[in-house]
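Hi,

Here is the structure I promised to pass on.

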Amino acid sequence: MTINIDATSNNVVIALMGKGGTGKTFTSLCLIQSLRKLNQAMIVADADTNRSLSRYLAAHYLGYGEEELKQLPLITQAEQDFYEFQELNSEQTYREFYGTPFDQVKKFSVEPPDYFTQKYTKSIDDKLALMSIGTSAMRMEELYSTRCSHATLNPLKAWLALSKNGIVVLDCGGGEDSGRFGLPIGANVVVVVVEATPDSVAISEDIRAIDEELGIPVVYVLNKCLNQFPEVAAFESQHQDTIVGKIPFMPAIYGKNPLEVFNEIEGIFTPIVEKILSQKLSSSQQRWERVLRWQERLQEQRESNKSQPFSFIS
């Protein structure tokens, strides 16, 4: 397989997004299995709060059930360790860190893992590790927190942008919210999984608009291509150059762990991986500069909101 990745860092970060229920986790797992054929170290970052990806991987490779899953380290609790790794003291702020040029900020390593990355991943084998944000519904520190998701996800966003020496696959939550939080901003490319239905097409266009505003390259995988709605046909015509694959309707394997039936569908996903990696991907420096621009825009928006007089809207 010919791989087109950033040669300066030997690293590629792929984020998967899509409307909830479109087969994003299924597609993520199959892409992960295909990418393992490259024999490079890989970290799977599960940022979907339902944790389906973590559940499938941990059950298949480690024999984990729900109780063991609860013991996985959570990246949203990594803030203090994150700043210690970046050698920032308590007097230094987010704003100072997010003003640091690419050549001065410390990078995170997938292989071999640096101590921060090792602490917040669970090794599955010598080439695969799992990073999880966990479920937020029962975490009291988030339920009663005065901090927004922008802040609690900052360690993950910066880690994605600054990781090197391997492959990272990020599974975002369903819908466009993860894009609004800037979660995939550190990715080389976003793969939007689009079920062949009008609703999914509409959500995918919202996701594309957000990612393009953030400056992230976007490609599409069409899933469950059974019926041909006019909206889907129009979508295919408009995005034919960035649709990297089509997954047929396969009822025989639905409800099964994709890792256990991957040999039946490997031929579908190997070409998809080839097409994803053949795209013009962001460089490591471009990824970090994108984060800096985004944080600057956030700060400008905060300052603008502070200066606006409060008013009731009837």
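Below are my notes on the aromatic rings, the charges over them and the cysteines.

First, the ground rules: this is a predicted model, with local features needing pLDDT of at least 70, side-chain atom pairs counting only at pLDDT 80 or more, and totals for chains, interfaces and linings using all residues. Residues are numbered from 1 along each chain as its sequence is written, and side-chain values use heavy atoms, leaving out hydrogens and water.

A search of the whole structure gives 16 aromatic pairs. Here, rings of Phe, Tyr and Trp (its six-membered ring) pair if their centres lie within 6.5 Å; planes under 30 degrees apart are stacked, over 60 edge-to-face, and the rest tilted. F85 and F116 have ring centres 6.3 Å apart and planes at 45°, so they form a tilted pair. F116 also pairs with Y120: the centres are 5.1 Å apart and the planes at 40°, so this pair is tilted. F85 and F116 are both buried, and Y120 is buried as well; buried means under 20% relative accessible area, exposed over 50%, and partly exposed in between (1.4 Å probe, protein chains only). Ring pairs join F85, F116 and Y120 into a cluster with other residues, including W288.

K106 has its charged end over F85, 4.2 Å from the ring centre, while K224 lies over the face of Y254 at 5.0 Å.

Finally, the search finds zero disulfides (cysteine sulfur atoms within 2.5 Å). C172 is buried at 0% relative accessibility, and C225 is partly exposed at 27%.

Best wishes

Key
Lys NZ or Arg CZ within 6 Å of the ring centre and 35° of its normal.
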